[in-house]
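This report goes through a few local features of one structure. Please look at the sequence and the structure shown here before reading on.

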Amino acid sequence: MKVAMAKQMHEIDDAAINQYGLPEIALMESAGHRVFEETFKTFGSVENKSICVLAGSGNNGGDALVTARYLFNHGAKVKVFLTGNKTHRTDSFNVQMKILREMGVEILTLETDRSWERLQVALKFTDAIIDGILGTGFSGEIRESALRLIKIINAVGKKVISVDIPSGVASDTGAVDETAINAACTVALGLPKPGHFICPGANYVGKLIVDNIGLPGDLLNEDIHQTLIDDEFAKTLLPMRARDVHKGSCGKILVVAGSRGMTGAACLASMAALKAGAGIVTLAVPESLNDLYEVKLTEVMTAPLPENKSGIIGGKKALENLLQMAENFDAVLIGSGLGRDAETLELVKKFVCTIDKPLILDADAIFAFNGSVKDLKKCKQIPILTPHLGELAALLNSSVEELRKNLILNVQKIAQDYRAIIVAKSECTVISYPNGEIFISALGNNGMATAGSGDVLAGTVAGLIKQTPFAPLAGVYLHGTAGNFAAEKNSEGLTASDILENLPLAIKKIRTLQNF
């Protein structure tokens with residue numbers, strides 16, 4: 001499924017109306033009816049239910065007016081409250097308002113103190129609220145009257161169904177100025193928007209329902225470069241294995257990771273590569289720690305590297321060994337728990353810019369390029385970077401706050417500028433390719449905010465390199481799905497090892513999806 005920016009969604013609507021001849025009021029009718037259906041489903045019946053409908057002056061408000069009509073026709077006690085600039089109302093909006101007036105639906109405009117008092121009384125006794133106040137056209141600073149309305153709605157604590165996006169959430173960025181409607185359910189119209197998945201906006205969405213509202217299918221796919229990594233998409237990411245595969249053909253992965261005090265990161269990353277289906281994984285580690293890894297790991301082979309300090313790799317000899325070793329592998333993951341000693345970081349930069357192999361850079365390997373991010377373009381193959389937002393901000397000498405101002409476009413620009421695949425880890429993982437294609441994953445849960453989770457992701461991506469050309473996308477899907485399986489048992493108490501152990505179940509889910 002594609003994910004649309006506000007401008008793209010507007011262009012789709014415009015094309016449906018002007019190129020295909022689909023009347024604007026027909027789209028409004030379809031949208032409003034879909035919101036009604038979800039409201040009906042919430043209660044099982046809306047007969048004798050009191051429902052307040054809040055309608056702004058845009059077509060989002062018009063959709064809410066259609067919902068009000070269907071609710072009224074099914075026996076609900078409906079009160080409609082209008083807000084926003086009257087001069088912004090479209091012809092379609094005015095038609096819907098006229099219909100409601102002719103039907104005898106109570107409509108009030110929030111202009112006087114008396115109308116605001118009546119709203120507060122109505123909200124006190126209402127069973128549900130339809131939010132059609134702002135919609136996807138909103139961005140930036142919220143108007144005082146809209147802010148007042150949103151605060152009143154949130155304060156009553158009633159069930160809210162939002163039309164397209166909760167009012168107060170910027171659809172392109174997920175930004176929230178001061179607050180937004182706290183929806184129990186949001187019915188996204190046409191396509192989902194980034195603000196449905198990116199926090200803080202995602203915190204206000206509730207249950208997300210996506211409906212194409214009858215828009216022509218080809219309009220929902222062409223010239224949109226943002227794709228949601230969902231189950232339907234995941235079916236295409238991991239080809240079935242041939243019967244005659246062997247460990248050598250499933251991927252030989254070299255993992256360069258670990259240092260004194262951070263041995264766990266190397267274990268998680270290397271085991272994740274195996275759990276993701278790689279045939280052979282070798283972990284290159286500081287030589288003084290090799291015996292420890294020999295005990296901790298059974299299926300992963302180890303390779304001791306010369307040290308510059310106890311438990312920390314570095315120096316010319318270690319670099320030479322790594323370069324020679326890498327020639328025998330299909331891909332290299334470097335950085336998990338590697339440490340930030342100056343000689344280690346220098347080794348990383350020289351190694352990364354020298355080898356001609358698929359590369360995954362995680363954690364300290366990304367840190368090595370802080371202040372010299374342009375050197376990533378020296379890589380002989382396009383590298384895959386798996387930073388969390390703090391690491392990505394540091395790489396760019398920026399801040400997480402700056403990145404979040406427009407996460408989608410910022411990650412897209414970084415991938416294009418530095419010729420890299422960026423897997424930006426957060427509550428919503430954003431993957432960008434140098435060609436501008438963006439992929440968004442809302443998989444995962446808040447229990448995955450645990451040490452080592454990122455090491456498992458990096459290892460998962462590495463383990464998939466030989467199995468699929470879409471390793472970053474498949475890796476993110478498997479990691480998020482495994483995290484969700486782990487959360488079913490352990491909730492917020494899950495650990496990175498729990499994610500690791502559930503990777504085979506996540507692969508099994510893909511295979512199940514492919515078979516049905």
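Which residues of α11 are buried?

## Helix α11

The model is predicted. In it, the buried residues of α11 are Thr344, Leu345, Leu347, Val348, Lys349, Phe351, Val352 and Cys353. Among the elements that cover these residues are two helices, α10 (316-326) and α12 (364-367). The strands β13 (312-313), β14 (331-334) and β15 (359-361) also belong to that cover.

Helix α11 runs over residues 342-354, which makes 13 residues. From first C-alpha to last it reaches 19 Å, close to the 18 Å expected at 1.5 Å a residue. The N-terminal end of α11 is capped by Asp341, with a side-chain oxygen 3.0 Å from the backbone nitrogen of Glu343.

## A cis peptide bond

Cys199 and Pro200 are joined by a cis peptide bond, with omega at about 10°. Pro200 sits in the loop between β6 (185-189) and β7 (207-211).

Asp164 is not a glycine, yet its phi is positive, near 75°. The residue lies in the loop between β5 (159-163) and β6. Asp164 counts as buried because its relative accessibility is 8%, and the cut-off for buried is under 20%.

Arg419, also not a glycine, has a positive phi of about 50°. Its place is the loop between α15 (407-418) and β17 (421-424). Is Arg419 buried, partly exposed or exposed? Its relative accessibility is 29%, so Arg419 counts as partly exposed.

How values were computed: Residues are numbered from 1 along each chain as its sequence is written. This is a predicted model: local features need pLDDT of at least 70, side-chain atom pairs count only at pLDDT 80 or more; totals for chains, interfaces and linings use all residues. Side-chain values use heavy atoms; hydrogens and water are left out. Helices (H or I, at least four residues) and strands (E, at least two) are DSSP runs, numbered from the N terminus. Buried means under 20% relative accessible area, exposed over 50%, partly exposed in between (1.4 Å probe, protein chains only). The expected span of a helix is 1.5 Å times one less than its number of residues. Contact means heavy atoms within 4.5 Å. A polar contact is a pair of N or O atoms within 3.5 Å; within protein, one must be able to donate a hydrogen and the other to accept it, and residues adjacent in sequence count only if both atoms are side-chain atoms.
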